[in-house]
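Please look over the structure before reading on.

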Amino acid sequence: MPKRLFVGELKLTDFRNYARAALALDERPVVLVGDNGSGKTNLLEAVSLLGAGQGLRGRPYGELCRKEGSGGFAIAARVTSRHGEIEIGTGFGLGIGPEAGRTVRIGGKEQSAGALADHIKLVWLIPAMDGLFTGSASERRRFLDRLVVTIDPKMRGPLNRYERAMRQRNRLFQLREYAGALFAGLEEQMAEAGVAIAASRRDAIERLTQQIERTRKARGPSPFPFAVLALEGTLESALEDRPATEVEDEFRLALVQGRERDRAASRALAGPHLSDLIVIHGPQNVPAPHCSSGEQKALLLGLILAKAELIRELEGVSPLVLLDEVAAHLDVSRREALFAEILRLNAQAWMTGTDRDLFRPMAQEAQILGVNRSKIGA
């Protein structure tokens with residue numbers, strides 16, 4: 001098995017601000033340095049699309065096409081994964097697939113985007129996540145569910161089925177439908193998928209908590225404080241002391257009995273789409289939202305590193321780690337600790353920044369590239 005997951009070659013066509021771009025890389029971490037707006041984050045976004053899902057910013061694919069381009073984009077990469085070296089290509093438009101989604105080719109064969117999860121594992125931290133602990137619960141659910149599908153890629157199915165069935169049920173309310181038969185099938189799907197989602201979230205939190213505890217025992221205090229995690233949700237709580245089949249029956253009945261209440265709201269008022277991830281600053285025993293912005297940043301970075309460590313334990317190799325503009329917001333000790341963690345993980349981390357000097361401590365262990373107006377060089 002390869003010792004590291006890494007991108008050896010990356011080529012872009014009409015992606016974001018890049019008409020054409022090509023990078024030849026080795027397994028070391030990658031540092032992209034340049035002014036704001038030069039295209040550094042766009043390169044990280046392209047790498048994130050080598051995995052399943054819609055990338056680190058979750059934008060519609062049409063928005064990723066270069067404005068002056070031909071109406072589509074293409075990303076090609078040579079990747080060394082746990083299966084060995086593989087060619088991966090993905091694109092949108094350009095006459096190669098339906099406009100609603102992107103095409104994916106793995107080893108020259110067209111496959112679903114979900115198949116990428118077998119080759120590429122990713123974790124990332126971008127500035128938009130700085131408010132994770134103080135923002136909406138939906139952001140924390142997405143954060144958790146990315147871990148869920150990394151642990152078990154098949155969970156994309158239940159997550160998609162639940163969302164689709166819930167939307168269709170909400171649509172029936174809007175259409176003022178009352179026929180029970182129209183609701184029954186959708187509520188059956190919501191109950192089955194919803195309990196599977198809740199159970200998988202509980203498993204993910206338990207695994208991540210165990211990983212955090214193992215790291216604490218092995219290495220002691222860290223510049224990145226450990227997190228204490230919990231789930232807040234009706235189904236998650238019910239699964240603590242009752243079998244999944246019983247919880248599924250209860251949830252199905254609750255959906256039936258709650259139709260009129262949900263009809264008045266035009267949406268489902270119970271279910272895993274309302275659950276929340278609760279995070280506590282472990283050393284201080286303080287809820288994360290009550291911590292200072294600096295403490296929250298360090299706590300979040302510690303969570304990202306713990307996720308990467310857990311993936312390494314499960315997969316045998318570390319994931320790609322994408323860190324956008326992280327170093328500039330850390331003091332010297334935490335910055336050096338972050339670089340040490342990346343090297344210890346043996347991960348190809350992709351980092352961006354405007355100041356090359358910030359990355360001087362790892363200059364010998366990283367590939368530092370300048371990005372200037374969509375041009376990339378050493």
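Glu246 counts as partly exposed, at 34% relative accessibility. The cut-offs are under 20% relative accessible area for buried, over 50% for exposed, and partly exposed in between (1.4 Å probe, protein chains only). The model is predicted: local features need pLDDT of at least 70, side-chain atom pairs count only at pLDDT 80 or more, and totals for chains, interfaces and linings use all residues. Residues are numbered from 1 along each chain as its sequence is written, and side-chain values use heavy atoms, with hydrogens and water left out.

**Salt bridges**

- The structure holds 36 salt bridges; each is a side-chain nitrogen of Lys or Arg within 4 Å of a carboxyl oxygen of Asp or Glu.
- Glu246 pairs with Arg242 in one of them, at 3.5 Å from N to O. Arg242 is also partly exposed, at 29% relative accessibility.
- Arg16 bridges to Glu45, with the closest N and O atoms 2.9 Å apart. Arg16 sits in the loop between β1 (6-15) and β2 (18-24), while Glu45 sits in helix α1 (residues 40-48), 29 residues apart. Both Arg16 and Glu45 are buried.
- Helices (H or I, at least four residues) and strands (E, at least two) are DSSP runs, numbered from the N terminus.
- Arg201 bridges to Asp145, again with closest N and O atoms 2.9 Å apart. Arg201 is in helix α4 and Asp145 in helix α2, so the pair ties together parts 56 residues apart in sequence.
- Arg201 is buried, with a relative accessible area of 4%. Asp145 is buried too, with 14%.
- A network of salt bridges links Arg169, Glu187, Arg259, Arg261 and Asp262.

**Pockets**

- Terms: on a 1 Å grid over the protein atoms alone, a pocket is an open set of points with protein on both sides within 12 Å along at least five of seven lines; a cavity is a set where a 1.4 Å probe fits but cannot get out; lining residues have an atom within 4 Å of a point.
- Grid points are joined across faces, edges and corners, and a volume is the space filled by probe spheres set on the points.
- The largest pocket has a volume of about 1500 Å³. Of its 49 lining residues, Arg142, Phe143, Asp145, Arg146 and Arg156 are closest to the centre.
- Elements giving two or more residues to this lining are β8 (122-125), α2 (137-151), α3 (156-174), α4 (180-219) and α8 (293-315). The largest share, 10 residues, comes from α2.
- The lining of the largest pocket has 21 nonpolar, 13 polar and 15 charged residues. Ala, Val, Leu, Ile, Met, Phe, Trp, Tyr, Cys and Pro count as nonpolar, Asp, Glu, Lys and Arg as charged, and the others, Gly among them, as polar.
- The second largest pocket has a volume of about 420 Å³. It is lined by 22 residues, with Thr215, Arg216, Ser222, Phe224 and Phe226 nearest its centre.

**Cavities**

- There are two cavities of 30 Å³ or more.
- The largest cavity has a volume of about 70 Å³. Leu5, His119, Lys121, Glu315 and Val317 lie nearest its centre, among 13 lining residues.
- The second largest cavity holds about 30 Å³ of space. Its lining is Phe143, Leu144, Leu147, Ile205, Leu208, Leu229, Leu277 and Leu303.
- That lining divides into eight nonpolar, no polar and no charged residues. Its largest share, three residues, comes from α2.
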